[in-house]
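This report walks through selected parts of one model. View the sequence and structure below, then read on.

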Amino acid sequence: MQLRELIKNGLASVLLSFGIVVSMKSANAQLCASMVDPLEKIFPETVLPYDSFHEIDVAKGEVASAQLVLRSGENLDQVELSVDAPGLPNEGISCGAIGFVRAGRQYTDPAVDRLVSNTGFYPDPILDDKPLSLQAGLAQAFYISIPISAETKAGTYPVKVDIRTKDMQIRKEFAIHVHNVRLAKQELWVTNWYSLAPERLALLNKGEQVKSFGPVYWRLIETLANKMAAYGQNTALISPLDLAIYKMEGEHLSIDFSRFDQTVDIFRKAGVLGRIEGGHIGQRARNWSSPFIVRVPEPLADSTRFRQLPIEDPRAKNFYARFFKALIAHLEEKGWLSDYYQHIADEPTGDNKESYIAIASYVKSIAPQIKIMEACHSKDLAETIDLWVPQLDFLNKDFTFYQDRKKAGDEVWFYTCLSPRGNYANRFIDLPLIKTRLIHWINYKYQIDGYLHWGFNYWNQDPYEETTGINSEGGNILPTGDSWIVYPGYQKLYSSIRLEAMRDGINDYTLLQMLTKKNPDLAKKIIDNMVFRFDWYDTSIKNFRASRKAMLKALSE
């Protein structure tokens with residue numbers, strides 16, 4: 001069987017049942033099992049001679065995670081796993097095989113600690129419902145998740161993991177230490193931009209086309225929203241410009257926001273909002289350095305097309321005067337105005353800042369109460385932006401400027417995407433997983449209020465086969481995993497070990513904020529021993545666990 005088939009079909013058959021079983025171990029076992037920290041990345045060629053993970057410390061309201069690694073000396077078609085955690089609700093436990101995906105392109109300026117796979121395959125998706133089989137000689141990891149409710153009593157809970165084959169049974173154990181501290185409400189703002197393009201929704205529907213605004217379309221938006229909410233996202237990009245229905249009634253243009261409302265309601269019901277990011281109204285006229293233009297709808301008989309016009313064009317000014325007056329009135333009526341932030345055009349630079357300022361200034365002249373947020377490559381944007389989202393390396397370079405903007409009353413987040421590279425924290429698949437988790441430790445250290453990433457589900461045609469891409473506009477390689485952090489199933493989304501690390505990092509931020517209120521000196525010591533500067537960190541998993549334990553112990557005293 002080819003490795004690609006192994007990746008797509010999985011590497012172990014998992015029949016999950018949660019209960020106590022009798023422990024045995026064959027002296028001549030062909031199956032080796034090891035418990036390892038869930039922040040370790042396990043490759044097909046990984047060899048683990050012993051257990052290196054025995055316990056994990058969590059607060060009430062977190063998820064306790066562990067990783068089981070199996071390696072068989074022969075092909076095994078049937079392996080049963082059971083996980084039992086006496087004293088904790090078993091119905092919340094999940095155990096999924098970590099699939100392998102390919103990174104077929106190299107990118108420039110990689111981190112000094114970039115992970116190199118001998119096979120070109122990397123662990124990432126958590127395939128929690130796939131029938132799988134163990135292939136002789138290949139390591140296969142399983143991700144175990146045990147939710148700890150806010151009502152759980154503090155104490156130590158033993159966990160038993162039983163592995164059965166036809167001829168043998170192995171038991172592994174670890175402990176969950178639940179500290180007497182309850183996770184506070186999340187204060188960190190987090191958004192991942194998502195795609196509803198037909199070719200991507202089809203991947204969630206067995207390849208069948210999904211009709212826009214039909215029953216399956218709305219159901220898939222619910223699927224996206226529920227996954228985002230479960231992993232700490234509390235802001236969503238929703239475009240009233242693109243979702244509105246436009247009709248010409250004589251000389252008058254009518255604007256119907258009902259589809260925008262339906263989308264907002266789905267995200268609110270899921271628990272994501274939070275805040276609403278109004279989608280971009282502008283785009284580059286040609287290439288990366290060209291000026292920005294705006295999109296102006298032109299209603300047709302049964303659809304809408306968009307003209308691309310400079311904001312100075314009277315047709316653009318007339319439309320956006322009507323549009324923003326109608327939008328503000330609608331947001332006020334729905335009670336959403338205070339939660340609404342408008343994007344103008346993505347990533348303005350020094351080359352096109354004048355056109356950006358012209359558009360933003362015109363919008364402010366029509367709707368002065370509207371708040372503008374932007375992922376930006378330039379700080380020279382006059383007084384147009386209320387919520388600045390510089391790329392992490394630009395935040396580093398111009399940190400004094402952004403501190404001054406905060407003092408002036410603006411808000412500051414940061415974002416990562418295909419950049420920054422080098423030793424900056426990011427969520428590429430070939431980076432150590434702890435560097436993904438430490439993204440939100442950077443938020444805490446530098447008191448940055450939010451995080452943005454563009455790539456929730458911008459899949460290619462086969463996201464399990466190839467995880468890199470090409471950015472044709474800039475001629476850049478999209479590093480492995482940059483375009484997505486979840487994987488498609490049939491009307492469901494599979495998590496990834498990176499998404500799990502990001503959720504846990506969001507919780508770390510909350511705990512650090514809690515510790516600041518109780519023991520600021522200890523909070524500073526812990527963060528300074530993990531994040532040295534914007535692009536340099538302690539990536540020792542052992543030291544990271546010790547820091548978290550010290551934080552939890554201090555909070556529980």
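## Helix 9

The buried residues of helix 9 (residues 399-407) are covered by elements that include strand 20 (371-376), strand 21 (387-390), helix 8 (392-397) and strand 22 (411-412). This is a predicted model. The buried residues of the helix are F399, Y402 and R405. They span an arc of only 115° around the axis, so they lie on the same side of helix 9.

T400 and K407 sit on the other side of helix 9 and are exposed. G409 follows helix 9, with a positive phi near 105°.

## Helix 3

Helix 3 covers residues 215-230. Its 16 residues should span 22 Å at 1.5 Å a residue, and the end C-alpha atoms are 23 Å apart, which agrees. After helix 3 comes G232, whose phi is positive, near 90°.

Buried residues in helix 3 are Y217, W218, L220, I221, T223, L224, A225, K227 and M228. Their cover includes helix 2 (198-203), helix 4 (240-243), helix 5 (258-270) and helix 12 (497-518). Strand 11 (189-192) and strand 28 (492-494) are also among the covering elements.

## N443 in helix 11

N443 belongs to helix 11 (residues 439-445). Is N443 buried or exposed? Its relative accessibility is 0%, so N443 counts as buried. The cut-off for buried is under 20%.

Which residues does N443 contact, leaving aside its neighbours within four places in sequence? They are L188, F414, I448, G450, Y451 and Y509.

Methods. Residues numbered from 1 in each chain as written. Predicted model: local features only at pLDDT ≥ 70, side-chain atom pairs only at ≥ 80, totals over all residues. Heavy atoms only, no water. Helix = DSSP H or I, 4+ residues; strand = E, 2+ residues; numbered from the N terminus. Expected span 1.5 Å × (residues − 1). Buried < 20%, exposed > 50% of the residue type's maximum accessible area, 1.4 Å probe, protein only. Contact = heavy atoms within 4.5 Å. Arc of directions from axis to C-beta.
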